[in-house]
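This briefing is meant to be read with the model open beside it. Please look through the sequence and the fold, and then follow the points below topic by topic.

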Amino acid sequence: MKRPTMADIARRAGVTKAAVSFALNGRPGVSEPTRRRILAIADELGWQPNSAARALSDGRAGAFGLVVDRPARMLGLEPFFMQLISGIQAELSIDGTPLLFTVAEDQQAEIETYRSWWAQRRVDGVFLVDMQVADARVPVLEELGMPTVVIGAPIGNGRLPAVWSDDAAAAHTALQHLAALGHRRVARVCGPAHLRHTEIRSAAIERLAPTLGMECTTVATDYSADEGAAAARSLLTGQDPPTAILFDSDLTAVSGLTAAQALGLRVPGDVSIVGWGDSALCELVHPPLTALSRDVAAHGGHAARLLRTVAAGTRVAHVQDASAQLALRGSTGPAPVRVPAAPPAAGGTAATAAAATAPTAPTSD
């Protein structure tokens, strides 16, 4: 079917196109009964405003954008982004604002997308995710004057407002739980080291671990299941393996759990595992994963409301959401007791002590 136009409405209502324009845009020039009749006909025909024409007339695109610098195949498996996008979209759907979403191969490609969108009036603002320690996107977006909301800690984001949750406090919560269970040698499997939230979590753990009498080894990954499993295998088959591992995402935590069990280890009997995100994945494995939990969808909704306000030209402050809390399940338990190797016999080496206790071969008659 042909897309209905203002001319179609005018013919049906028996009025001019100018009268239809006045009615649809809430402008004076038509009587109230005529306005109501025109609006009813527009609704009956399923008329919607042309976004390109609207952008030319008032400068608004009527859409917001999100670019993610991660492989598309990984996004389909990463629970965090799926929950975040669902929360953003749920909020934007209230007034029918669409979300323009794409992926980029690197940060430079992401920047070029922002420049293109802004020049073509395709979006009224964007969400900025995966803040980096040295982030080239911030000065570009400030230079463009593009309404932007950062989803992440308000560090290194210039004048751009942020919606954030305290990752340092969440890291403290996880470590204190493991320390209370007696774990002293722990490990952490994190995401890429250049991400701001990775740096914040690493710094927090580095500060807190010694005060709890803990040693913590950190292994960086790309957040994929393969690298999460490989990191777990490397840690658990090395010398003096950890008794607990904290993973920075649920996907790597689930893959780490599977890798530990494939090595014949009991979870949590031999090693405890903690995830970060508390998606549905955490309850689909055995044992179910203890995880740092927060409402990611609500977090996305808060970001969408803030961006709508920013795009309207209102100055706003940063918005801090509640810190993640620990959802306790079956993957964490008391630290296993590991019996140290027997010391060598007095006056001799370990080898001579072993020889002294070895059975002697029988002699022939």
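A nonpolar core is a set of buried Ala, Val, Leu, Ile, Met, Phe, Trp, Tyr and Cys residues joined through side-chain atoms within 4.5 Å, and buried here means under 20% relative accessible area. The model is a predicted one, and its secondary structure comes to 14 helices and twelve strands. Of the 365 residues of the protein, 45% count as buried.

**The whole protein**

- Among contacts between residues at least 6 apart in sequence, 71% join residues that are at least 24 apart.
- The protein exposes about 18200 Å², and carbon and sulfur atoms supply 56% of that area.

**The largest nonpolar core**

- The largest nonpolar core has 22 residues, and those with the most contacts inside it are L175, L178, V186, M214, L246, W276 and L292.
- At least two residues of this core come from each of the helices α9 (167-180) and α10 (196-211) and from each of β8 (244-247) and β9, and α9 gives the most, with seven residues.

- Strand β9 (residues 272-277) and strand β10 (residues 290-293) pair in the parallel sense over four bridges, and the bridge partner of G277 in β10 is S293.
- On pairing with strand β12 (residues 325-327), β10 runs in the antiparallel sense, over three bridges, and here A291 stands opposite A327 of β12.
- In a regular strand the side chains alternate between the two faces of the sheet.

**Helix α12**

- Helix α12 (residues 250-262) has 13 residues and reaches 18 Å from its first C-alpha to its last, which is close to the 18 Å expected at 1.5 Å a residue.
- This helix is mostly covered, as ten of its 13 residues are buried, among them D250, L251, T252, A253 and V254.
- The buried residues of α12 pack against α11 (225-236), β8, β9 and β10.
- Just after α12, G264 takes a positive phi of about 85 degrees.

- Most residues other than glycine have a negative phi, and most peptide bonds are trans.
- A cis peptide bond joins V267 and P268, with omega at about 10 degrees, and P268 is found in the loop between α12 and β9.
- Another cis peptide bond joins H286 and P287, with omega at about -5 degrees, and P287 lies in the loop between β9 and β10.
- D240, in the loop between α11 and β8, has a positive phi of about 50 degrees although it is not a glycine.
- D278, in the loop between β9 and β10, has a positive phi of about 55 degrees although it is not a glycine.

**Buried or exposed?**

- Does D240 count as buried or exposed? D240 counts as exposed because its relative accessibility is 52%, and the cut-off for exposed is over 50%.
- Does D278 count as buried or exposed? D278 counts as buried because its relative accessibility is 16%, and the cut-off for buried is under 20%.

Key. Residues are numbered from 1 along each chain as its sequence is written. This is a predicted model: local features need pLDDT of at least 70, side-chain atom pairs count only at pLDDT 80 or more; totals for chains, interfaces and linings use all residues. Side-chain values use heavy atoms; hydrogens and water are left out. Two strands pair if DSSP finds at least two bridges between them. Buried means under 20% relative accessible area, exposed over 50%, partly exposed in between (1.4 Å probe, protein chains only). Contact means heavy atoms within 4.5 Å. Accessible areas come from the Shrake-Rupley method with a 1.4 Å probe; for residues, only the protein chains shown count as cover. The expected span of a helix is 1.5 Å times one less than its number of residues.
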